[in-house]
Amino acid sequence: MARMLGWGIAAAALLELVPCSLAASLSPQELQVLGTALAFVQPRPAGDGILAVVYSAANSASRQDADAIMAEIGSRLNVSGAVLTPRLVEAGALASADFSLVIVAAGANSDAVRDAVRAHHVLCVTADQAAVQDGDCMMAVRPGPHVEIFLNYQAARQAGIGVATAFRMMVREL
C-alpha cells in the first residue's frame, strides 16, 4: 500500500510538470521582442513575406507547439515594416519552401532546418537555447522575469545574416 501511495505521489508530481493547457514555446511578449530584434538584423524581412513556423512530423508535441505559436501570431506578424504571413511547414519540407523568417517549434530543430535557413539566408528563431548553442538555429528568446535573447553569431554569419554591433551588446552570445 505504501509503495502504491509513493507511486501515486510521484505521478501527481509529474502531472504538475505537464501543463494542462498548451502554451506556445514563444509567448506574445517574446514575439514582440523578436519583432524589435529584427530591426538589428540584415537582411531584414521586407514587404510581404512568409513566416515559416516549423514543426517535426514525427513529434506530435512539436506540431501542437507550432499550432500554439500560429495562434499567438494570428493572421500576420508586422515587423520592421514587413508583413509576414505565418505558414506551418514540416521540417523536412523547409528546404523547398519559400520564407522570409523561420520560427522553430519545440522538438523541430535539426540539421535540415539549419541547412534550409542557411541556403535561404534568413534568421531562425526558437525557444530552444541548446539549438542555438549547437548552431541549428541562430536566435533563442527565453521567457523569465525579463526576456533574454541568445545569439549564435557564427551561425548567423554562416547564413549570411548580419547583426548590428549595438544589438550584439544587448544579447548573450553563445
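Helices (H or I, at least four residues) and strands (E, at least two) are DSSP runs, numbered from the N terminus. The structure is a predicted model, in which local features need pLDDT of at least 70, side-chain atom pairs count only at pLDDT 80 or more, and totals for chains, interfaces and linings use all residues. Residues are numbered from 1 along each chain as its sequence is written, and side-chain values use heavy atoms, with hydrogens and water left out.

Two backbone features lie in loops. Pro43, in the loop between strand S1 (41–42) and strand S2 (48–55), is joined to Gln42 by a cis peptide bond with omega of about 0 degrees. His121, in the loop between helix H4 (111–120) and strand S6 (124–126), is not a glycine but has a positive phi of about 55 degrees. Most residues other than glycine have a negative phi, and most peptide bonds are trans. His121 is partly exposed, at 42% relative accessibility (buried means under 20% relative accessible area, exposed over 50%, partly exposed in between; 1.4 Å probe, protein chains only).

The structure contains 1 disulfide (a pair of cysteine sulfur atoms within 2.5 Å). The sulfur atoms of Cys124 and Cys137 are 2.0 Å apart, and the link is left-handed, with -95 degrees about the S-S bond. Because Cys124 lies in strand S6 and Cys137 in the loop between helix H5 (129–133) and strand S7 (139–142), the pair ties together parts 13 residues apart in sequence. Cys124 is buried at 0% relative accessibility, and Cys137 is buried at 1%.
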